[in-house]
Amino acid sequence: MKKLILILTAAVFAVSCSDNLEDLNQNIKDPTAVSGESLFASAQKQLADQITTPNVNFNNTRLFVQHWQETTYPDESNYDQSTRPIPDNHWREMYRDVLRDLKEASINIAAADNDITNPLKPNKLAIIEVMNVYAWSNLVETYGNVPYSEALDIDNLLPKYDDAMTIYKDLLVRLTAAINSMDTSKGSFSGDEEKIYSGDVASWKKFANTLKLRMGIILADADGAAGKAAVESAFASGVFTSNADDAGYAYTAPPNGNPLNNNLVLSNRNDYVAGKTIIDLMNTLEDPRRASFFTDVNGEYIGGVIGDQTVYSDYSHVTPSILGGDYPGWFLQYAETEFLLAEAAARGYNVGGDAESHYIAGITASFDFWGADGLAGYLANPAVAYNSGAWRESIGTQAWLANYNRTFASWLSVRRLDFPVLVKPIDAESGYPVRYPYPVSEINLNPTNYEEAAGAIGGDATETRLFWDKFDNTWGF
């Protein structure tokens with residue numbers, strides 16, 4: 001009896017000490033809110049994964065640029081974007097897992113009040129904004145018109161689509177503001193919170209300027225004045241100047257390893273071989289980087305026919321050097337920077353040096369990055385020499401080689417410069433894909449805004465050229 005009285009007394013005391021019975025169910029051991037730094041780290045990794053992965057459900061740009069060829073199931077090599085929900089997956093990853101987390105990270109960091117970390121806030125917010133611009137620019141470059149001004153609002157499930165060029169120019173304004181707000185005398189994120197530059201603000205400022213350079217070049221054929229202004233401003237502020245500046249996400253061992261390792265090594269799958277297009281060109285040029293890109297087959301480099309089924313053992317494979325779990329996922333690189341500067345110089349922009357010097361610097365940077373010998377002989381090859389009368393072909397071809405394994409960056413270069421000339425896949429399901437079609441989810445759930453957007457860009461076809469793509473693509477079909 002005494003024991004029962006004690007139990008009842010304890011229960012009454014517990015209830016009386018709480019103004020709300022729901023308080024008894026609160027988890028006092030776990031945090032009630034996620035820190036902005038954690039959300040930023042998550043968004044950064046999701047973005048790195050999405051631009052790095054070779055998973056056919058998420059990213060087929062290595063196939064679109066014909067660097068790789070599929071083996072057993074060559075659907076995506078034949079430009080099939082509908083059997084698998086590729087456009088839907090990319091859209092969802094970018095909006096939900098990248099941009100949404102970046103937005104919340106910015107809100108939470110701005111709201112936090114800590115005497116120790118408050119001085120770091122402006123730089124943290126600027127870096128988040130740079131990552132925002134990177135992600136948004138990818139969406140515009142991939143789809144065209146997209147939800148922007150009304151996006152990321154949980155109370156608006158049917159956002160309107162904004163004009164792609166208007167978005168792009170606004171992104172440049174945002175990027176410039178972020179660059180101007182960076183204080184290189186102060187810190188930002190710690191190494192655990194940020195896996196590209198470990199919070200080094202000077203490096204992030206170079207990254208932002210290099211991104212601005214690329215975006216300015218994208219605008220060049222659509223709005224020459226705006227493109228020139230952005231490029232020259234970025235160059236003056238300071239872009240990448242060596243391979244040491246390269247922006248690579250620092251993957252670690254599984255389960256946080258590089259998606260190349262996850263999909264091609266740990267899965268024990270033989271889904272890809274070298275593409276015949278890149279192998280044939282590199283063989284013709286006797287390019288010393290072949291051994292850095294691919295394995296040989298009895299001393300020869302052999303690429304799979306684009307769009308055809310291939311027997312894995314008969315062709316060159318992806319070199320093991322890029323398949324390690326800790327191999328970085330590359331956002332921007334110095335070699336790409338020099339080819340962008342070469343293009344800018346060819347257009348008459350003031351970027352220090354002429355087009356040929358930047359062109360040679362781009363090839364040199366690529367050889368250094370891949371650890372390839374024989375640079376002098378390669379540059380002496382008449383087929384490699386810069387041709388000012390055909391600068392699109394010279395720059396486009398060598399940028400395509402230097403951007404090997406760079407996924408969206410390589411696809412962006414090929415679409416803009418229309419070189420090198422690619423081949424028609426064996427069973428091509430469309431013309432060359434210059435954009436992703438809109439997701440089926442948007443067609444079904446946001447039909448009015450989808451139809452308006454599709455009409456505004458000239459039709460929701462994979463061959464519809466976007467606002468910056470002003471020239472007919474000179475594909476070999």
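This is a predicted model: local features need pLDDT of at least 70, side-chain atom pairs count only at pLDDT 80 or more; totals for chains, interfaces and linings use all residues.
Me: Which residues does the cis peptide bond with omega of about 10° join?
Reply: Most peptide bonds are trans. A cis bond with omega of about 10° involves Pro255, which is found in the loop between β4 (247-249) and α9 (259-266). The two residues joined by this cis bond are Pro254 and Pro255.

Me: Which residues gather with Asp427 in a patch of negative charge on the surface?
Reply: Asp427 lies in the loop between α16 (408-417) and α17 (440-445), the loop in which Pro420 also lies. On the surface, Asp427 belongs to a patch of negative charge, and the residues that gather there with it are Asp75, Asp308 and Glu429.

Me: Which helix gives the most to the lining of the largest pocket?
Reply: About 490 Å³ of space lies in the largest pocket, and 19 residues line it, of which Trp91, Tyr95, Leu152, Leu157 and Pro159 lie nearest its centre. Both α4 (86-111) and α17 supply at least two residues of this lining. The helix that gives the most, with 6 residues, is α4.

Me: What volume does the largest cavity have?
Reply: The structure holds 5 cavities of 30 Å³ or more. Of the 14 residues that line the largest cavity, the closest to its centre are Tyr134, Asn138, Arg214, Phe408 and Ala409. At least two residues of that lining come from each of α5 (121-143), β6 (329-332) and α16. The volume of the largest cavity is about 120 Å³.

Me: How far apart are the closest N and O atoms in the salt bridge of Lys45 with Asp49?
Reply: A search of the whole structure finds 20 salt bridges. Lys45 and Asp49 both lie in helix α2 (residues 36-52), where they stand 4 residues apart, about one turn of the helix. In the salt bridge that Lys45 forms with Asp49, the distance between the closest N and O atoms is 2.7 Å.

How values were computed
Residues are numbered from 1 along each chain as its sequence is written. Side-chain values use heavy atoms; hydrogens and water are left out. Patches are made of residues with over 30% relative accessible area and no salt bridge: like charges are joined within 9 Å, nonpolar side chains (Val, Leu, Ile, Met, Phe, Trp, Tyr) within 5 Å. Accessible areas come from the Shrake-Rupley method with a 1.4 Å probe; for residues, only the protein chains shown count as cover. A salt bridge is a side-chain nitrogen of Lys or Arg within 4 Å of a carboxyl oxygen of Asp or Glu. Lys and Arg count as positive and Asp and Glu as negative; His and the chain ends are not counted. The place of a charge is taken as NZ of Lys, CZ of Arg, CG of Asp or CD of Glu. On a 1 Å grid over the protein atoms alone, a cavity is a set of points where a 1.4 Å probe fits but cannot get out, and a pocket is an open set with protein on both sides within 12 Å along at least five of seven lines; lining residues have an atom within 4 Å of a point. Grid points are joined across faces, edges and corners, and a volume is the space filled by probe spheres set on the points.
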